[in-house]
Every structure is written in structure tokens, then in C-alpha cells.
Amino acid sequence: MSYTVAIVGRPNVGKSTLFNRFLEERKAIVDDISGVTRDRQYGITDWNGKSFNVIDTGGFVPDSKDMFETEIRKQVRIAIDEANAIIFMVDAAVGLTDLDSAMADMLRRSVKPVYVCVNKVDNSTRALEGTEFYGMGFEHNFFVSSISGSGTGDLLDAVTDGMKDEPVKVVSEDLPEGAEPEEALAIPKIAIMGQPNVGKSSLLNAMIGQDRTIVSDIAGTTRDTIHTHYNMFQKEFILIDTAGIRRKNKEKDDLEFYSIIRAIKAMDEADVCLLVIDAVKGITAQDLSIFGLAAKKGKGIVVLVNKWDLITKETNTARDYEKVLKDKLAPFTDVPVLFISALEKTRIFKAIELALDVYENKHRKIATSKLNDIMLKAISKYQAPVVRGHVIKIKFVSQLPTRVPSFAFFTNFPDDIKTPYRNYLENQVRANFNFTGVPVRIYFRKK
Ligand code: GDP
Ligand code: GDP
């Protein structure tokens with residue numbers, strides 16, 4: 001299920017701070033200067049056993065006041081169109097501003113749930129001052145301090161309560177927290193992802209042999225991702241693409257925001273993501289965050305290095321390039337990398353084959369007896385280190401019936417097994433069975 005929550009609000013109200021709290025990461029730049037240009041941030045978070053995408057509409061702030069309002073309006077419009085719910089953040093320390101009111105006017109007309117988040121309520125005086133925001137007339141109001149975290153739990157409770165419950169799935173055994181049950185086999189869904197201009201449309205056209213670039217001439221039009229049913233050379237799959245969507249009004253910032261929201265939606269729908277990067281630019285920070293998100297969501301991944309025709313090649317160029325690239329992908333390096341040219345139609349069919357291989361790997365089931373034969377041998381060759389005097393024994397391994405390949409190792413001290421040994425087990429699983437391109441989950445259970 002795909003559920004996306006957008007955080008909107010004036011610059012400096014604390015959107016980024018709240019975003020970081022949701023993601024429990026501190027990597028974003030939080031800055032006291034209003035008007036700093038900043039990348040939009042996006043990620044996936046869990047609360048009450050439900051996971052959803054969060055997007056901080058962040059960033060771009062032009063100089064003039066008029067431009068500024070126009071820009072904010074655009075962001076709110078996109079959030080209303082594309083997100084499932086909106087967190088509208090205001091600042092209790094500053095109080096209600098004209099811009100807040102203008103945004104409130106737009107948001108009140110939205111049918112999507114709006115959660116007003118009155119931020120910087122660090123003390124009781126602020127709480128009292130914050131009550132003026134009730135005047136905006138929204139049903140859900142929360143008083144929070146993103147810095148200390150107070151009130152953010154109630155906000156998250158409300159947001160997750162607002163998500164429609166997923167249909168109950170029947171599972172044969174209880175799964176570890178966060179593990180999703182497997183789904184019935186269907187036609188593989190493959191998404192083409194990547195930054196603007198890496199060649200996604202060109203690749204799609206090369207794959208399906210026709211020009212599918214769609215230009216929408218209505219400003220602000222939104223379209224869902226395009227699904228193309230592909231059935232060629234006995235291969236059948238669905239291509240999910242966001243690249244074909246083009247707006248005439250190609251404003252850079254719009255495009256970027258759309259491309260992120262769309263990419264996340266396409267990713268949620270897909271079994272396997274083709275991550276297209278530009279050979280000349282190399283893998284960028286944004287590429288790595290798409291890669292990380294796909295891995296976190298348990299998607300199959302193939303990295304396609306496009307525009308390979310532009311690279312001057314010597315004997316080991318591809319090999320060296322792959323090595324540098326994989327160093328950046330670490331620790332998840334068991335991923336196929338293919339050098340292609342959408343322009344010259346080089347290795348396009350191979351890209352499809354790799355995606356279908358990865359799909360197969362993602363659904364691979366290892367017989368319990370074989371799994372135990374091989375893994376228990378690997379475990380006896382290199383035992384888990386003793387922790388606090390506990391001699392760790394792993395007696396049994398089984399693959400769980402989950403959407404993402406998951407293995408449960410039954411042990412006397414599940415909490416005493418540390419990351420390096422966990423990584424050893426994952427590497428052994430990968431060395432003995434083909435899970436290339438697929439994230440693998442390792443769980444320890446008490447036996
Ligand atoms: P954004 O522009 O809306 O993303 O805002 P930021 O997250 O960058 O925050 C702007 C400033 O407000 C930073 O200096 C934050 O430290 C500060 N800030 C954010 N949340 C709180 C809060 O709950 N209380 C206080 N006192 N300051 C906050
Ligand atoms: P998108 O924004 O990711 O959909 O990228 P496009 O498919 O629109 O391509 C962006 C630009 O890169 C266009 O000018 C393409 O002609 C060019 N391009 C795409 N693929 C290749 C390739 O394999 N080699 C070269 N040299 N140029 C390419």
C-alpha cells in the first residue's frame with residue numbers, strides 16, 4: 001500500500017525538524033536563516049505498525065515576496081493533488097501570518113485530511129498563544145515541539161488512524177514486526193526511476209519501440225503513473241513509468257517535486273526498480289537516496305548506467321566503473337549493474353532480462369532442509385562471538401512466508417547477535433543462493 005504524507009508550511013516553521021524526528025535521522029540541514037534553498041527530503045517512516053512516505057516540501061524560496069507566495073501556492077497545490085494527507089505546520093513563536101492564512105484557504109478546500117501542527121510549543125505560554133490557530137477552522141489541531149518531540153506522538157497517532165486499514169491477510173505463522181506477508185504471484189511490475197535527464201523516457205521508448213512522451217497542456221494537470229503492458233519474446237511484465245509525464249510549463253522546481261512524489265508512488269507499486277543513472281555524472285547523492293529507499297521498501301533493484309556511449313572506453317573501464325559505483329552502494333552491493341545506451345539501443349533487452357531475473361530471485365523459496373544443510377555448516381565454520389559470557393548457538397533456520405525474502409535464525413540468545421555476524425549470515429545466504437538485486441531480511445528468534 002502506498003500512503004504519502006506531505007508536510008507544508010512557511011519556511012522556518014520547523015518542517016525539516018519534524019521530518020527528521022519522524023525519520024529519526026539528523027542528516028538534514030536545519031538552518032535558522034529563512035530563505036535557504038534546500039533539497040526536498042523524503043523518506044519512509046513507521047508508526048503503530050503502519051508505514052508511510054513522508055515528504056518535506058522544504059526548499060526552494062525565491063527572492064521577491066510575490067514570487068515567494070506563488071511558489072508556496074504551487075507547493076500546496078502539488079501536495080493537495082499528490083499526497084494522501086497533509087501536515088500543515090505553523091509557528092507558535094511567530095503567530096498567525098498572512099501567508100499561513102493564504103495556505104489555510106487553499107487547504108480548507110482539499111478533500112484530503114489536513115492535520116494542523118502548531119510547532120515550537122515548547123512551554124505552556126506558547127501553548128496558550130498557539131490557540132489562535134484554532135481560528136483557521138481545521139478539525140485536527142496538534143500542539144507540538146518538534147525539537148523536544150512533545151506532542152509528535154499524538155500527531156502520528158492521528159495520521160496513522162487516518163490511513164485506511166490494509167485488508168487483513170491470512171498468514172500461516174506469526175511474522176516478525178514489520179515483515180509483510182508474501183503476495184500471490186502476478187505479472188512482474190517494473191518501474192523506471194531516476195533523476196530528470198538521465199534518459200528514462202529514451203529508455204522507455206527504446207523498450208517499447210514508440211514515442212510515448214505525453215505532453216499535458218493544462219497547467220497543474222496531474223496524471224497517475226503510466227502502465228504499459230509489455231509482452232515480447234515470451235516476456236510479460238508491466239512497465240510503470242513516470243518519465244512520460246511532461247508538463248509544458250517546465251519549471252525546474254515543479255519538475256523536481258513531481259519527480260520525487262511520482263517516483264515514490266511508482267516505487268510503491270513496483271516489484272523491481274530500474275535505477276537509471278547518467279554515466280557521465282556518475283552516481284549522485286539523490287540516486288543513492290532513491291537506491292536506499294528502494295532497499296528499505298524491499299524492492300528488487302537493477303542499476304542501469306545509461307549514456308555509456310559517451311564514455312571513452314579502455315580495457316577495464318566498465319569493471320573499474322562498477323567497482324567505484326558499488327563502493328558507494330555499500331553495504332548492499334549484491335545488485336546487478338548494466339552499462340547501456342538508450343540512444344544507441346545497446347543492451348536494452350538485457351536490462352529487461354536482468355529485471356526479470358531479479359523478480360525471480362525476489363520470489364525464491366529455499367527448501368528448509370537445504371537451507372539448514374548449508375547455513376548450519378557456515379555457522380559451525382564461523383561461530384557467533386561469545387557475548388557477556390553467553391555462548392550463542394543457532395540450531396535452526398527457516399525462510400519466512402514474506403514479501404521480501406526473510407530468514408529466521410533460531411537461537412538461545414537472539415538479542416546478543418551483533419551486526420557483523422548478522423552481515424556474515426546474510427553474505428552466506430547470498431553466496432549460496434541467488435538473491436542478487438533483492439534486499440534480504442535476517443531475524444533472530446528465541447528457541
Ligand atoms: P523549515 O524551514 O520549516 O524546514 O524549518 P526548520 O526545520 O529548518 O526549522 C527552522 C528553525 O526553527 C530551526 O532553527 C529549528 O531549530 C527551529 N525549530 C524547529 N522546531 C522547533 C521547536 O519545536 N521549538 C523551537 N523553539 N524551535 C524549533
Ligand atoms: P528523462 O528526463 O530521464 O526522461 O531523460 P530523457 O530520456 O528525456 O533524456 C534526456 C537527454 O539525454 C535527452 O537529450 C536524450 O537524448 C539524452 N539521452 C538519453 N539516453 C541517452 C544515451 O544513452 N546516450 C546519450 N548520448 N544521450 C542520451
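Visitor: Why does alanine 127 count as partly exposed?

Guide: In this predicted model, alanine 127 has 15 C-beta neighbours inside 10 Å. A residue is buried with 20 or more such neighbours and exposed with 12 or fewer, so alanine 127, with 15, counts as partly exposed.

Visitor: Which residues is alanine 127 in contact with, leaving aside its neighbours within four places in sequence?

Guide: Alanine 127, which lies in helix H4 (residues 124-130), is in contact with Val121 and Phe143 once those sequence neighbours are set aside. The criterion for a contact is that the C-beta atoms, placed from the backbone, lie within 7 Å. A separate value, taken from C-alpha to C-alpha, puts alanine 127 and alanine 92 at 7.7 Å apart in space, although 35 residues separate them in sequence.

Visitor: What makes strand E15 and strand E17 the edge strands?

Guide: The open sheet has 3 strands in the order E15-E16-E17, with mixed pairing. Strand E15 (394-399) and strand E17 (441-446) each pair on one side only, which makes them the edge strands. From one strand to the next, the twist averages 25°.

Visitor: How do you know that E15 and E16 pair, and in which sense?

Guide: Two strands pair if at least two bridges are found between them, and E15 and strand E16 (residues 406-411) have 5 bridges, in the antiparallel sense. Phenylalanine 407 in E16 is the bridge partner of glutamine 399, while phenylalanine 410 in E16 is the bridge partner of phenylalanine 396.

Visitor: Which residues come nearest to ligand 1, and what kinds of residue form its shell?

Guide: There are 17 residues around ligand 1, of which Gly14, Lys15, Ser16, Thr17 and Lys120 come nearest. The shell around ligand 1 divides into 4 nonpolar, 8 polar and 5 charged residues, on a scheme in which Gly counts as polar and Lys as charged. Helix H1 (residues 15-23) gives the most to this shell, with 3 residues.

Visitor: Which helix gives the most to the shell around ligand 2, and how do the residues of that shell divide?

Guide: For ligand 2, helix H6 (residues 200-208) gives the most, with 3 residues. Of the 16 residues around ligand 2, those that come nearest are Gly199, Lys200, Ser201, Ser202 and Leu343, and the shell as a whole divides into 6 nonpolar, 7 polar and 3 charged residues.

Key
Residues numbered from 1 in each chain as written. Chains lettered and ligands numbered in written order. Predicted model: local features only at pLDDT ≥ 70, side-chain atom pairs only at ≥ 80, totals over all residues. Near = placed C-beta within 6 Å. Helix = DSSP H or I, 4+ residues; strand = E, 2+ residues; numbered from the N terminus. Axes fitted to C-alpha atoms, helices over the stretch in contact; angles between N-to-C directions. Contact = placed C-beta atoms within 7 Å.
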